Amino acid sequence: ICAEARRSFGCDVVQIWTPIDDNQLEVAWRDPPSDVIPPGRRIDFADFPGLLDEMRAFRSMFVPNAQKRTRGEALRHAQRLGLYSSLRIPIVIGARFERILALQWEREIPEPAPSVIAVMRRFADQRWSVSRKDRRTM
């Protein structure tokens, strides 16, 4: 999913985050891989102001400059990896968000048009649904 999203949307980094509880999320996958943020790394939702509320409302969240809008460990990662713009998309299964697709750029970009965000959301939901089915049949 991550590599395909990078190719499809021209972003530099893609991560899939899993909410652990109301306090933390966990990095499930990342492309390209990084020793700084390997799968299994947990980060506090508090490091991403407003993220949990937006995901619970099933709304995507665009951040023009993550180095100005994150804190704590997430800010240190953004600075160390040179990440700026970020689009966080809820992956919704049933009536709850199960994952977050985080598209990230090493530069500031303008906010994507609503129609582009809609395509990205559809991509996230469809690819996640397919990957879940593939894992069940393995």
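Helices (H or I, at least four residues) and strands (E, at least two) are DSSP runs numbered from the N terminus. The model is predicted: local features need pLDDT of at least 70, side-chain atom pairs count only at pLDDT 80 or more, and totals for chains, interfaces and linings use all residues. Residues are numbered from 1 along each chain as its sequence is written, and side-chain values use heavy atoms, with hydrogens and water left out.

In α4 (residues 72–81), the buried residues are A74, H77 and A78. These residues lie on the same side of α4 because they cover an arc of only 100° around the axis, the arc being that of the directions from the helix axis to the C-beta atoms. The exposed residues R76 and R80 are carried by the face turned away from this buried side. G82, with a positive phi near 70°, follows α4.

T70 is placed in the loop between α3 and α4 and is buried, at 9% relative accessible area. Its side chain reaches the backbone oxygen of A66 at 2.6 Å. Leaving aside residues up to four places away in sequence, T70 touches D47, F48, P49, L75 and R88 (contact: heavy atoms within 4.5 Å).

Two further loops were examined for backbone geometry. F58, in the loop between α2 (51–56) and β4 (61–63), has a positive phi of about 60° although it is not a glycine.

Methods:
Buried means under 20% relative accessible area, exposed over 50%, partly exposed in between (1.4 Å probe, protein chains only). A polar contact is a pair of N or O atoms within 3.5 Å; within protein, one must be able to donate a hydrogen and the other to accept it, and residues adjacent in sequence count only if both atoms are side-chain atoms.
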